[in-house]
Amino acid sequence: MWGDSKPMFKSQEEIPDYFPSTPRNDWSIGLVKLVTILVIFMAGVVIGLSISAHFGRYYNSQTDLFFPSTMYTSSCEKDCMDFKNFVKPSNLMHTMTDQQLYWRASLVPKMEEFPFNRVPKVAFLFMTRGPLPFAPLWDRFFKGHAGLYSVYVHTLPDYRLNVSKDSAFYGRQIPSEEVSWGSITLVDAEKRLLANALLDYSNERFVLLSESCIPVFNFPTVYEYLINSAQSYVESYFIETPQCEGRYNRRMAPHITLDQWRKGSEWFELSRELAVNILSDVKYYSLFRKLCRPSCYPDEHYIPTFLHMFYGELNSNRTVTWVDWSRGGPHPARYGAVNITVEFIQSIRNNGSCLYNGRPTSVCYLFARKFAPSALEPLMNLTSTVLEF
């Protein structure tokens with residue numbers, strides 16, 4: 001009886017679940033899990049994109065640093081340096097100060113060969129206060145010789161040359177400053193002309209002229225004479241007179257002594273080498289600026305003294321510009337229309353003898369001064385005969 005009897009309570013495993021899960025509860029839990037996963041996924045995407053953008057900007061900035069995109073896409077019409085314009089500026093106007101200009105012009109290439117077809121030119125440097133009365137004569141002198149010469153004009157700052165577009169002087173004014181006769185500003189004007197001319201790497205010889213200067217030979221003669229010369233032409237001498245020795249300031253010693261002091265005409269002719277050396281000098285130019293005044297006339301002493309001290313063997317110690325001082329006074333003789341004859345021009349062309357490249361020659365002067373504007377017409381009449389241009 002007792003053995004056949006069934007237990008009064010079922011085992012725990014057999015007790016039925018009186019709170020079974022419903023299908024709705026299962027669906028809610030699944031939805032929560034899905035939303036959670038989506039939220040985590042989206043957060044990951046956002047974080048990933050943010051990090052990617054940060055590294056993208058960093059990478060791009062580093063790439064642009066070494067490989068700028070503008071290197072390949074920018075236009076060179078205005079912004080890029082053109083080699084042709086570097087070795088021969090097409091526009092003489094610029095905004096450089098004198099110090100910046102001298103620094104730029106004194107740069108000298110170390111490579112002996114030029115990466116372009118360099119034809120040596122003669123630079124004609126005109127220093128004037130206003131008009132150039134002999135511009136028509138010079139235009140006839142230059143005609144047919146383009147590429148063998150350059151023209152530079154230093155005037156008063158607000159003056160504008162009135163010449164035709166086919167003139168050699170058209171567009172050839174340089175940025176200029178005020179100049180006072182007998183002062184250091186004359187040397188400044190000379191250096192300014194040299195510096196602007198040195199920017200053209202084809203200019204090999206540099207001749208300083210005034211508005212009252214004329215050529216007394218044709219262009220081929222002048223060109224061959226200067227280009228083939230082994231020396232420059234700067235008058236340099238010493239005499240015991242108030243106009244030479246008397247202008248020496250003993251405060252210049254020991255940098256410049258009396259036996260080194262020299263005088264000469266300011267109308268020089270220089271090789272490119274000497275032009276660069278003069279332009280690069282600061283020490284001795286500063287001494288002249290400070291001590292060569294008020295009646296010292298630095299334009300007659302600075303370059304002759306400087307060349308005598310350091311480059312004497314490269315200078316002929318004579319000028320190629322004829323001038324008549326026979327009448328005395330602070331200014332040379334001036335010649336007008338009545339003085340212009342064939343005989344007068346021939347007398348300048350065959351005035352004495354001198355040395356050229358170590359050999360005697362009768363051709364000592366290529367230019368002459370001082371001529372009045374009235375001399376233009378008779379000189380023009382001589383161009384096809386005695387002047388031969």
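Is Tyr297 buried, partly exposed or exposed? Tyr297 counts as partly exposed, because its relative accessibility is 21%, where buried means under 20% relative accessible area, exposed means over 50%, and partly exposed lies in between, with a 1.4 Å probe and protein chains only. The structure is a predicted model, in which local features need pLDDT of at least 70 and side-chain atom pairs count only at pLDDT 80 or more, whereas totals for chains, interfaces and linings use all residues. Residues are numbered from 1 along each chain as its sequence is written, and side-chain values use heavy atoms, with hydrogens and water left out.

The chain has 389 residues, of which 42% are buried. Its secondary structure comes to twelve helices and nine strands, taken as DSSP runs (H or I of at least four residues for helices, E of at least two for strands) and numbered from the N terminus. Of the contacts in the chain between residues at least 6 apart in sequence, 79% join residues at least 24 apart, a contact being heavy atoms within 4.5 Å.

Two packed helices are described by the angle between their axes and the distance between the axes. Helix α6 (residues 184-198) packs against helix α9 (residues 283-291) at an angle of about 150°, and their axes are 10 Å apart; axes are lines fitted to C-alpha atoms, for helices over the stretch in contact, and angles run from 0 to 180 degrees between N-to-C directions. That angle makes α6 roughly antiparallel to α9, the term applying to angles over 145 degrees, while those under 35 count as roughly parallel, 65 to 115 as roughly perpendicular and the rest as oblique. The contact brings Ile184, Val187, Asp188 and Lys191 of α6 to Tyr285, Phe288 and Arg289 of α9. By class, this contact has four nonpolar, no polar and three charged residues, where Ala, Val, Leu, Ile, Met, Phe, Trp, Tyr, Cys and Pro count as nonpolar, Asp, Glu, Lys and Arg as charged, and the others, Gly among them, as polar. Asp188, which is found in helix α6, is buried at a relative accessible area of 9%. When residues up to four places away in sequence are not counted, Asp188 touches Tyr102, Tyr285 and Arg289.

Helix α10 (302-310) is largely enclosed by the rest of the structure, because seven of its nine residues are buried. These buried residues are Tyr302, Ile303, Pro304, Thr305, Phe306, Leu307 and Met309, and what covers them includes α6, β5 (269-271), α8 (272-280) and α9.

Several backbone features lie in loops. Most residues other than glycine have a negative phi, and most peptide bonds are trans. In the loop between α9 and α10, which holds Tyr297, this residue has a positive phi of about 55° although it is not a glycine. Pro294 is also placed in the loop between α9 and α10, and a cis peptide bond with omega of about 5° joins Arg293 and Pro294. A cis peptide bond also runs from Arg369 to Lys370, with omega near 25°, and Lys370 lies in the loop between β9 (367-368) and α12 (376-381). Asn357, in the loop between β7 (354-356) and β8 (359-361), has a positive phi near 50° and is partly exposed at 37% relative accessibility. Asn339, in the loop between β6 (321-322) and α11 (342-349), is partly exposed at 28%; its C-alpha atom is separated by 9.6 Å from that of Phe371, 32 residues apart along the chain.

Pockets were located on a 1 Å grid over the protein atoms alone, a pocket being an open set of points where a 1.4 Å probe fits, with protein on both sides within 12 Å along at least five of seven lines, and lining residues having an atom within 4 Å of a point. Grid points are joined across faces, edges and corners, and a volume is the space filled by probe spheres set on the points. The largest pocket holds about 1200 Å³ of space and is lined by 48 residues, of which Trp181, Glu266, Trp267, Pro332 and Arg369 lie nearest its centre. Its lining divides into 19 nonpolar, 16 polar and 13 charged residues. The second largest pocket holds about 580 Å³ and has 27 lining residues, with Lys88, Pro89, Ser90, Asn91 and Leu92 nearest its centre. The elements that give two or more residues to this lining are α3 (83-87) and β2 (149-154), and β2 contributes the largest share, four residues.
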